[in-house]
Amino acid sequence: MGRMTELPTKGGFSFDLCTRNDMLLKNGLQMPPFRKTGTTIVGLVFQDGVVLGADTRATEGPIVADKNFEKIHFMAPNIYCCGAGTAADTEAVTDMVSSQLQLHRYATGRESRVVTALTLLKSHLFSYQGHVSAALVLGGFDVTGPHLHTVYPHGSTDTLPFATMGSGSLAAMSVFESKYREGLTREEGIELVAEAICAGIFNDLGSGSNVDVCVITEGKTEYLRNYQLPNPRTYISSKGYTFVKGQTEVLSTKITSIQPKVEAVEGGDAMEE
Amino acid sequence: MAWPCPASSAVQPLSSSAPPCPSLAPSLSSLPKGTRSLSLNRRSPSPSPLPSLRPELTTSPSHSPHKLHLSPPSHPPPSPLSPHGKPPPPISCSLNLTSPFLVEKEKQSISSKANTEKQNPLLSSLLLSLLSSIKSPTMALRGDWMYENNGGTCVAIAGIDYCVVAADTRLSVGYNILTRDHSKICSLADKVVLASSGFQGDIRALHKNLAARHLLYQHQHNKQMSCPAMGQLLSNTLYYKRFFPYYAFNVLGGLDNEGKGCVFTYDAVGSYERVGYSTQGSGSSLIMPVLDNQLKSPSPLLLPARDAVTPLSETEAVDLVKDVFASATERDIYTGDKLEIVVINASGIKREYLELRKD
């Protein structure tokens with residue numbers, strides 16, 4: 001007689017194939033590259049709230065997979081989160097915490113607080129021990145005021161007046177360290193964020209294309225998608241291209257005719273609505 | 001001039017880490033997979049890893065640079081400073097030492113050759129230590145990885161009475177840009193221009209070497225080297241360093257002795273071919289299909305060999321090159337900043353620049 005009881009289903013990742021994967025790597029298997037966002041993401045606190053910024057390039061190794069990718073994710077009407085690292089991980093974790101925040105808003109009847117989002121994110125990332133490769137800049141404005149945090153893939157967090165993450169973080173941080181001061185106005189804040197993102201775009205190969213900005217103040221959030229487009233295509237052939245039939249060599253042709261006669265049967269089961 | 005051979009200097013420390021193997025005798029049976037190979041005797045069992053030695057698989061230009069096992073295929077080698085602490089995808093290493101395709105007969109012939117060629121074990125162990133370093137994912141930080149890929153793309157197109165050679169001017173390492181204004185093009189003779197991408201250290205050395213050889217030729221023969229002659233010289237120079245290659249992907253362009261456009265394309269160890277157009281470098285896999293579509297040349301497999309120069313005019317060819325580079329810049333992070341276009345025709349060498357995206 002076999003076992004009658006079933007093991008309870010385990011959540012999260014199964015590490016059963018790790019030994020096999022290591023063996024494959026040793027034998028020369030090439031792992032498919034994850035799509036990473038390369039990325040420059042920044043945030044800063046100004047006098048009335050928080051400004052977040054991000055570039056828009058998603059890379060797959062040395063190739064640009066998406067030239068206009070959205071890296072500023074919605075968490076709550078008053079909280080937004082920029083994500084760097086593996087694109088799937090940042091999307092999944094921000095969507096998940098965003099849903100949890102909404103349920104929490106329904107349960108409490110109050111506006112979400114940034115620290116709530118922070119705690120949910122850090123406990124999720126910590127429990128996955130860094131395997132969920134998401135580095136985030138979380139910013140928002142709640143009843144306690146403006147907040148800006150960074151969250152690392154292993155689950156640690158920092159609370160900062162200005163922050164940068166991603167492969168272009170050093171380029172962006174150099175701009176912030178030179179020009180940031182407390183009590184910036186809204187225009188100054190946006191301009192500084194755009195400048196920091198541009199530093200990442202032009203000096204880091206993992207970041208590029210356009211600048212996205214998000215301004216969160218008391219009661220109002222403005223998502224300025226493609227705030228700047230500093231990289232237009234430099235040349236386009238005026239001649240255009242013609243693709244003449246026959247340029248691609250046809251090696252063989254096989255034509256299979258499908259059923260010429262279709263029989264319709266009356267009075268079958270009704271389709272489900 | 002005597003070149004210091006790496007095998008003659010202290011190689012023993014490296015060889016201690018190499019697994020035992022049959023000697024890499026320069027026999028057909030142990031050619032590395034992917035280097036363009038031609039069987040000399042069609043009746044003998046195929047030595048290469050390909051199941052049957054079909055010429056169209058081994059001599060097609062589009063395969064060659066990507067499959068040379070010593071140089072990484074289409075994507076650049078891992079950069080030393082990878083942004084997230086995770087190295088980029090490891091290079092597939094496929095040296096065919098224990099290939100299932102090697103028949104019993106060849107295994108015996110390899111082992112018999114191992115006894116006769118004593119100096120090869122040193123070279124082979126050096127090669128293997130190179131390869132073992134290629135296999136490990138953290139190789140970029142190991143002391144014995146001797147190359148670095150500085151990125152970039154080169155293109156050359158041959159016309160009826162002109163030749164266009166173009167390369168971007170970005171030099172990068174990992175995710176950083178070293179300079180936006182570095183020329184990858186070297187004018188070797190008044191009718192010959194060489195564009196190379198890859199490791200700049202090796203490229204500088206290679207260009208210097210060729211320029212010196214050209215000067216010697218001029219003194220000895222009282223004339224400039226022709227493009228086919230330079231083509232052969234480059235191939236020999238690259239193959240001379242067969243066991244410690246120049247990490248350079250070259251495209252040679254110029255006018256041949258009749259004044260017609262002439263383009264030669266190379267892999268890292270000197271296998272070359274005269275073609276109507278070619279591209280090498282990080283953006284080559286993005287550009288080559290477009291050139292294949294627009295400049296369709298007759299198949300190189302048809303005999304007698306037919307000339308593959310494009311019927312396009314010089315301005316049309318330059319327009320195509322500009323557009324194709326602008327497109328490659330959109331999708332390849334290592335290509336960009338500025339494009340240097342060199343046109344060689346009967347009246348000499350002319351240079352032009354085009355701004356590209358700087359992100």
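Modeller: Happy to; the questions below go from the interface to a helix pair and then to one residue.

This is a predicted model, in which local features need pLDDT of at least 70, side-chain atom pairs count only at pLDDT 80 or more, and totals for chains, interfaces and linings use all residues. Residues are numbered from 1 along each chain as its sequence is written, chains are lettered from A and ligands numbered from 1 in the order in which they are written, and side-chain values use heavy atoms, with hydrogens and water left out.

Colleague: How much area do chain B and chain A bury between them?

Modeller: Contact here means heavy atoms within 4.5 Å. By that rule chain B brings 38 residues and chain A brings 43 residues. Buried area is the accessible area (1.4 Å probe) that two parts lose on being put together, summed over both. Carbon and sulfur atoms carry 51% of the total, which is about 3,700 Å².

Colleague: Which element of chain B gives the most to the side that touches chain A?

Modeller: Across the interface there are 18 residue pairs in polar contact, both at pLDDT 80 or more (N or O atoms within 3.5 Å; within protein, one must be able to donate a hydrogen and the other to accept it, and residues adjacent in sequence count only if both atoms are side-chain atoms). On chain B, β4 (176-179), α8 (284-294), α9 (314-331) and β12 (348-355) each supply at least two residues; helices (H or I, at least four residues) and strands (E, at least two) are DSSP runs, numbered from the N terminus. With 9 residues, the top contributor is α9(B).

Colleague: Which residue of chain A forms a salt bridge with D359(B)?

Modeller: A salt bridge is a side-chain nitrogen of Lys or Arg within 4 Å of a carboxyl oxygen of Asp or Glu. The interface has 3 of them, including D323(B) with R233(A) at 2.9 Å, N to O. For D359(B), the closest N and O atoms are 3.2 Å apart, and the partner is R57(A).

Colleague: Why does that pair join two chains?

Modeller: D359(B) sits in the segment after β12 of chain B. Its partner is in chain A, so the pair joins two chains, and the place of R57(A) is the loop between β2 (49-54) and β3 (58-60).

Colleague: Where is N226(A)?

Modeller: Leaving out residues up to four places away in sequence, N226(A) touches T56(A), N68(A), N210(A), V211(A) and D212(A). N68(A) is 158 residues away in sequence, yet 8.5 Å away in space, C-alpha to C-alpha. N226(A) itself lies in chain A, in strand β12 (residues 220-228).
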